[in-house]
Structures are given as structure tokens and as C-alpha cells.
Amino acid sequence: MVTKAETVWFDGELVNWDDAKVHVLTHTLHYGLGVFEGIRAYRREDGRSAIFRLREHIERLVKGARMMTIPLDYSVDELMDACVKTAKLNRLDGCYIRPIAFVGYGEMGVAAMGNPTRVAIATWPWGAYLGAAGLTHGVRLKTSSFTRPSVASQLSKGKVCGHYVNSILAKREALLDGYDEALLLDTDGYVSEASGENIFMVENGVIYTPQLGSAILGGITRDTLITIAREHGYEVRETQLTRDMLYLADEVFMCGTAAEVTPVRELDQRTIGQGGAGEVTMTLQKRYFDVVKGEDMTHPEWYTFYQVSNL
Ligand code: PMP
């Protein structure tokens, strides 16, 4: 259950949490055309909070809206300010931030070109997406019977509301089968990504992940990990991967804003490596947490600071 906060930013106004409502004939509710983001803010040792890579998330939202032909009247800076304001007003020193741009009430045809675009930003506290134990000991993954739709049909570079039905089907199937998460292959049978995370594997100390020119989201955590792994001296290759490469890998891990860096200990009943969290995975996980929580400030451009006690 989402933990209720006080305020939601809605079309430029701050409204009470319980008043952030839409009409049942909201177009996106029926047809799924909308874009959203998942962003995290972390509390730091010095009492300040920092939203991690806020600009990149909001740029993905704004570009995603353009790609999906959703008119958006707000600039990146305006939406960034609105995220900070909402987190601050809700007195959340660490939180998940969910901006969404969607097609409102008006016409009910599929195109509904004249309907208003509505934008909302909600914030709430959210712990480890795949559980605290998963972060330490790893999770169990199942290759889904659902594939990621072809790059010709689905625009995977945006976080598009309706596209998530494919992820939901895969995730529900995995959970019903007793696994923690689903791995989706693409329509050619190559490894794509998990239902809400990008995927990596490690073999002989080299890190591999599917290339951007495939049916994956260009994850901001993926980009962060590639950057910090290379800075740490690891070789990272972005290339086509097959499920048997994952079965035989020394380590497999997933990453995303919500899931952070989660080791995979099992895929399709095959133990990965030693069956727990691998050494490279845990090195990167530690570095990732140091980076997002500000212990490691190698990239000052990644943070948007705010302080809750300043109110
Ligand atoms: N792939 C999918 C399908 C996702 O939903 C997410 C979560 N946004 C990711 C990858 C990871 O993206 P990010 O690191 O930007 O959160």
C-alpha cells in the first residue's frame, strides 16, 4: 500500500492527497497513452536530501511525451522544481517521486488529439522494491512466456503507461509461479530486460548488458552503473545476450531506480554462479549506494539537493 503523504502537485497546483482525483472517462485510464517516471531521493549523513539524477528522469519524461505525441506545457526546469517542492512540502527526506503526464477527459475516440494533457507528481516513502533480503542474498528470476514487443511496435525508450501491461503480465506470471521477478526476451529470443529493471551479467570479470538499440528502456541506473563500473576499472560491454549466457554467467544482477542493484541468484531453476550475491555485483551495489547517498561525490551533477527541516 502506498503511504499517504499530504500533498500532490497536480497541473501546477498543490492539492490535498485525497483530492488528487480524475474523471472515470480520463483517456489514459482507458487506452494507456501517458508517460511517467520513477525517481528516488535519498537522505544523506549531513541531514540534507538529494534527488538522484532528477534532470535525466525529467528529460526522459519530457522527451517521452514528445515521442508519444502528448503535448506538454511544462519545461524540464519547471517539472524539476515541482518535484523538489512536492517532496519538501510532504516533509519526506527520502522518498520515491512519481511524475505522470497523461491524456485527460474530453473525447473518447482512440486519437483524442484535443484532450488536455494533465500532469501530476506524487511522492511517498518506498523501501527496497524487491525486498531487503533480495538486495543482500539475491532474487529468483523466471524467463517469461511473454516477450518484449518488437522495437517496431513498442517505443521502449519511454516509460509509457500502456506498455506496462506487458510487464505486469510477465511479473504476475513470475509471482504466481513462485519467483521474484520476470526476465523478458525480445521477439528474436535475445535477453531484453526484467519487468521493471535492466539486466547485467558478469563473466570472467567483464560486465555485459543488452545494447540500447534493442527493446529495452534506457535505464538511468543502467547508465549510472556503466559509468561507475568503468571508473572502477571494469570493462563493460553493451551487446546482445542470450538466456544461456545468463545461465552460465558468474553473476547476474538487475538494476533500476526502484530495485537499485539487486543480485540474481537463480534463473529458471539454474543456480547462477555460487548461488548468492556475486563479488562484482556487491562491489557495484556498494558503490551505487555510496553514490546515491552522497558518500561518493565524484559526480556532483547527479544531485538536486533539498532540506526538509528548512520549512
Ligand atoms: N526497464 C524497465 C521496463 C523499467 O520500468 C525500469 C524502471 N524505470 C528500468 C528498466 C530501469 O530504469 P531506471 O534505472 O531509469 O529506473
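Analyst: Start with burial. Buried means under 20% relative accessible area, exposed over 50%, and partly exposed in between, with a 1.4 Å probe and protein chains only. This is a predicted model: local features need pLDDT of at least 70, side-chain atom pairs count only at pLDDT 80 or more, and totals for chains, interfaces and linings use all residues. Residues are numbered from 1 along each chain as its sequence is written, and side-chain values use heavy atoms, leaving out hydrogens and water.

User: What makes Cys161 count as buried?

Analyst: Its relative accessible area is 19%. The cut-off is under 20%, so Cys161 is buried.

User: And why is Cys95 called buried?

Analyst: Cys95 has 2% relative accessibility, so it counts as buried.

User: How do you know how many disulfides the structure holds?

Analyst: A disulfide is a pair of cysteine sulfur atoms within 2.5 Å. The structure holds 0. For Cys95, the closest cysteine sulfur is in Cys83, 9.2 Å away, too far for a bond. For Cys161, the closest is also in Cys83, at 15 Å, again too far.

User: Why are H6 and H8 called roughly perpendicular?

Analyst: Helices are DSSP runs of H or I, at least four residues, and strands are runs of E, at least two, numbered from the N terminus. Axes are lines fitted to C-alpha atoms, for helices over the stretch in contact, and angles run from 0 to 180 degrees between N-to-C directions. The axes of H6 (residues 220–231) and H8 (residues 279–292) cross at roughly 110°. Angles under 35 degrees count as roughly parallel, over 145 as roughly antiparallel, 65 to 115 as roughly perpendicular and the rest as oblique. H6 and H8 are therefore roughly perpendicular.
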